[in-house]
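Hello,

Here is the structure for you to look through. My notes follow below.

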Amino acid sequence: MNLQIAYIAAAALGRVSSFTPSTISTARQTIFRSASSSTTSTLNMSSEDTITLGIFGGGTVGGGIVEILSNKADYFKQLTGKSIEVKKVCVRDASKPRDFTLPEGCSIVTSYDDILNDDSIDVAVEVMGGTTDAKDVVVGALTNGKSVVTANKALIAKDLPEIETLLSTLESGTQFRYEAAVCGGIPIIRSMQSDFVGDNIQLMCGIINGCTNFMLTAMDRDKKSYDEALSEASALGYAEADPTLDVGGFDARSKLKILMRLAYGMNVEEDEISCRGITELTKMDFEYAKMLGGTIKLLGVAEKNDAGDVSAYVAPCYVTNEDALSSVNGATNAIEVLSDNLVSSIYIGQGAGRYPTANSCINDIVALAKGDQNLLPFNPTSETKFVNNYESVFYLRLNYRDQVGITRQVGEVCEKHGVSIHSILQNPVAKNQESAFAIVTDKVDYAAILKVLADVEALSWCKGKPFYMPVLRDDWQN
Ligand SMILES: NC(=O)C1=CN([C@@H]2O[C@H](COP(=O)(O)OP(=O)(O)OC[C@H]3O[C@@H](n4cnc5c(N)ncnc54)[C@H](OP(=O)(O)O)[C@@H]3O)[C@@H](O)[C@H]2O)C=CC1
Ligand SMILES: N[C@@H](CC=O)C(=O)O
């Protein structure tokens with residue numbers, strides 16, 4: 001494979017103005033000030049030599065941002081010509097002990113309005129998570145002329161069109177930056193915004209959730225149980241406040257949706273993207289993956305077909321040991337972009353955790369302080385169509401009660417739906433009542449696999465739902 005490792009920083013541009021948010025449900029936020037209209041690209045700032053921040057969230061990421069800003073205050077001043085000061089941190093529970101030191105002059109608050117209505121605050125940093133109150137504060141801050149830096153992929157993915165509309169109505173120097181929202185510390189957003197302008201992206205595939213990659217590594221390599229792996233991931237700050245978002249694949253799907261917007265200009269509904277997490281995986285799948293010469297990774301994949309339509313899914317996938325993605329372990333993320341000009345570019349780095357994520361937010365904050373122009377936050381839209389079907393080699397695992405004729409019947413079902421079988425794997429049957437065998441198909445339609453699975457599930461010996469996963473890359477055997 002022709003690999004390019006690319007970490008590319010980019011410039012950015014912004015032009016924003018006033019907007020009346022009809023959709024905001026604001027119990028706590030009451031007053032909006034119209035953003036001052038400005039044709040310059042410089043950020044609205046309360047003072048020439050200071051940029052003042054209000055941070056929503058003082059948890060894993062928020063704490064990291066405060067720490068890095070304190071540790072590198074002098075350097076940032078040299079670099080940007082401005083002091084970057086955190087004036088307020090808004091949290092849910094002000095009495096909770098914090099694992100970071102508040103800078104001098106910074107107060108903890110619990111009302112959003114304390115930041116939103118504070119005219120001396122230039123930038124709102126939203127790292128509290130969620131999609132309801134977080135939306136109120138993001139929209140409220142932008143509307144009040146404050147630039148926004150956020151790590152909130154769930155919010156962006158859910159309300160992307162609305163955020164885009166809002167941004168297009170703003171005319172001041174207000175900016176919206178979200179580098180930390182996809183792949184934590186990897187600067188993939190900037191790259192997607194700026195480095196493929198002359199290129200055509202054919203495929204993006206990668207490990208875009210650090211928590212589940214950490215868990216899969218812990219379960220496969222370190223023989224940890226699912227529960228042990230999840231509690232370690234949570235303790236290390238990798239898991240979402242609701243870890244179902246990680247293990248169910250939904251966090252990866254939000255990120256994939258954002259990447260698809262940037263790569264293909266499309267606004268696909270999130271729930272149109274097929275999404276399966278890691279909860280159905282068993283020890284046996286790892287054993288069979290090993291027998292095949294590979295491993296299992298939770299991937300987000302989006303691919304253009306010959307007609308120019310794009311399909312996408314989040315799913316556990318079989319990946320061969322020769323594949324660059326197979327050796328990406330722990331909370332590390334990796335995303336490969338296949339494109340006409342660059343051929344293959346792989347971006348690897350820490351995808352979750354306090355400092356990697358805070359680092360991306362810091363890059364956004366420093367860019368604002370330097371007066372960097374913001375690129376179009378989401379790139380232009382296109383007419384690219386989404387199709388809920390794709391071709392792949394598939395791995396199927398069928399749990400069964402042992403009896404005569406099982407493989408023949410599976411063969412018949414596959415034949416009926418035009419699915420050609422490449423190989424069958426079976427460990428020696430240890431317990432007749434708890435056995436599973438696996439099938440690897442040739443390259444077939446996803447829609448045909450769904451039909452095979454439905455028919456097999458209805459057979460009398462089949463126990464529970466059969467499990468399936470795509471095999472990454474058609475040439476997986478070469
Ligand atoms: N952790 C990671 O590795 C990454 C996280 N992200 C995103 O960053 C965001 C923050 O994540 P993370 O720091 O891990 O989350 P945490 O749960 O660690 O922290 C959330 C913080 O927000 C505060 N908060 C939550 N809800 C409210 C509310 N309604 N009002 C006021 N304050 C509130 C909490 O207050 P209190 O402390 O009082 O409870 C807490 O300080 C999320 O959107 C997440 O998806 C993105 C990339 C990586
Ligand atoms: N829970 C997320 C955090 C970063 O986006 C992940 O594990 O990737």
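Which residues in helix 14 are buried? They are Ile449, Val452, Leu453 and Val456, where buried means that 20 or more other C-beta atoms, placed from the backbone, lie within 10 Å of the residue's own.

Before the rest, some conventions. This is a predicted model, in which local features need pLDDT of at least 70 and side-chain atom pairs count only at pLDDT 80 or more, while totals for chains, interfaces and linings use all residues. Residues are numbered from 1 along each chain as its sequence is written, and chains are lettered from A and ligands numbered from 1 in the order in which they are written.

Helix 14

Helices are DSSP runs of H or I with at least four residues, strands are runs of E with at least two, and both are numbered from the N terminus.

Ligands

A residue counts as near a ligand if its C-beta atom lies within 6 Å of it. Around ligand 1 there are 26 residues, of which Gly57, Gly59, Met128, Gly129 and Ala352 come nearest. Helix 1 (residues 60-71) gives the largest share of this shell, three residues. The residues around ligand 2 include Cys211, Tyr238, Asp246 and Ala352.

Regards

Technical notes. Buried ≥ 20, exposed ≤ 12 C-beta atoms within 10 Å, placed from the backbone.
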